[in-house]
Amino acid sequence: MSAWVLPDHIADVLPSEARHIEELRRDLLDMARCYGYELVMPPLLEHLESLLTGAGEALDLQTFKLVDQLSGRMMGLRADSTPQVARIDAHLLNRHGVTRLCYCGPVLHTRPGGPHATREPLQFGAEIYGHAGLEADLETLQLALDCLKVARVQSPSVDMADARIVHALLEGVALEGDLAEQVHAALAAKDSSELSVLTKNFPQASRQGLLALVQLYGDEKILVEAEKMLPPSPVVREALSNLKWLASHLEGTHVTFDLADLRGYAYYTGARFSIYAAGANDALVRGGRYDEVGAVFGRNRPAAGFSLDVKALVGVLAARPLRAAIRAPWREAADLRAAIASLRVQGETVVCALPGHESEVDEFHCDRELIQVAGRWVVKAI
């Protein structure tokens, strides 16, 4: 095998795409800062127990593992940044009251999330800790939509669910072996026949409620139907009420509901959402409430947030126009070097054409050039 062949679902990012990714990364972080979110940079590598504690099987299977040559302990390359940010909130910051944190960095997956997905996403996320009310859920939803707006995503749609509904229907049910995973998979696939077989020994109320969930997806009318079809549980009623409240505050956004949706990481404990857009094979954004995520780090407090893959997001966007650049000759003349330096201080991109390469095309496609007129260096359109 050639030394330059990369592993499956791992790829180099070439200049024009890299430029788009970097510009988008900056825009997303600037938008989070506008909401008051502080940037943190968790390490790519941690002790395995820290990365996986409380995170569930999904993260375990997605995490690359290796032995630390210094300590002999097992290490992991992060597959998701949320547990790390929860650790930072719990141990390093340990603030009282609300804490807003954001991040953007690579994560690694042992397997791709889809046929065309990368195993090295560039994960951007924002998380709010310390507030149990729906205001925090709404803020993360609004920030996620504003991030897609600054990314120039056209007409995104929000699909909502609540993890408590399925949990409430399964309460008191003896789930042995892989039964819970099989039930979740049948719900996600809307497979009524499989679900009917899997739940044949469940209590009647639980079985009927789970089978009803397969049909409960669509617009806001679904919430009314759910109140009629699901068992009269206080938890379920609260979850449906919360979803209705959140949807009512998303003006101008297409909102749907899929009450059987349990996709994503297992740490979600309340309202959850996915955001879709034309051209994307899967959700561009996933988020919601995960109040238990910090418990394993000794500080169990409310938390909500979302994350997205910047690379996947760029993949569904139109290419951004190139920023105008200036071509300049390469000379040792002090006045020319001073003119170039002055333009760069002003924020201009100045590309010096090296001797013998004046006719070559460059990444920036310069639309102006720096020329000497009457002893002065001036910028003229090409």
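How many bridges join strand β13 (residues 325-329) to strand β14 (residues 349-353), and do the two run parallel or antiparallel? I looked this up in a predicted model. Five bridges join β13 to β14, and the strands run parallel.

**Entry: aromatic pairs**

I searched the whole structure for aromatic pairs and got four. I looked at Tyr 267 with Tyr 290: the ring centres are 5.3 Å apart and the planes stand at 75°, over the 60 degrees cut-off, so I logged the pair as edge-to-face. I placed both residues along the chain. Tyr 267 is in the loop between β9 (254-258) and β10 (271-276), and Tyr 290 is in the loop between β11 (285-289) and β12 (303-309). They are 23 residues apart, and the pair links distant parts of the chain.

Are these two tyrosines buried or exposed? Tyr 267 has 8% relative accessibility and counts as buried. Tyr 290 is buried too, at 2%. I noted that ring pairs link Tyr 267 and Tyr 290 with Tyr 268 into a cluster.

**Entry: a charge over a ring**

I looked at Tyr 217 and found Lys 190 over the face of the ring, 5.4 Å from the ring centre.

Key
Residues numbered from 1 in each chain as written. Predicted model: local features only at pLDDT ≥ 70, side-chain atom pairs only at ≥ 80, totals over all residues. Heavy atoms only, no water. Phe/Tyr/Trp six-rings, centres within 6.5 Å; stacked < 30°, edge-to-face > 60°. Helix = DSSP H or I, 4+ residues; strand = E, 2+ residues; numbered from the N terminus. Buried < 20%, exposed > 50% of the residue type's maximum accessible area, 1.4 Å probe, protein only. Lys NZ or Arg CZ within 6 Å of the ring centre and 35° of its normal. Pairing = 2+ DSSP bridges.
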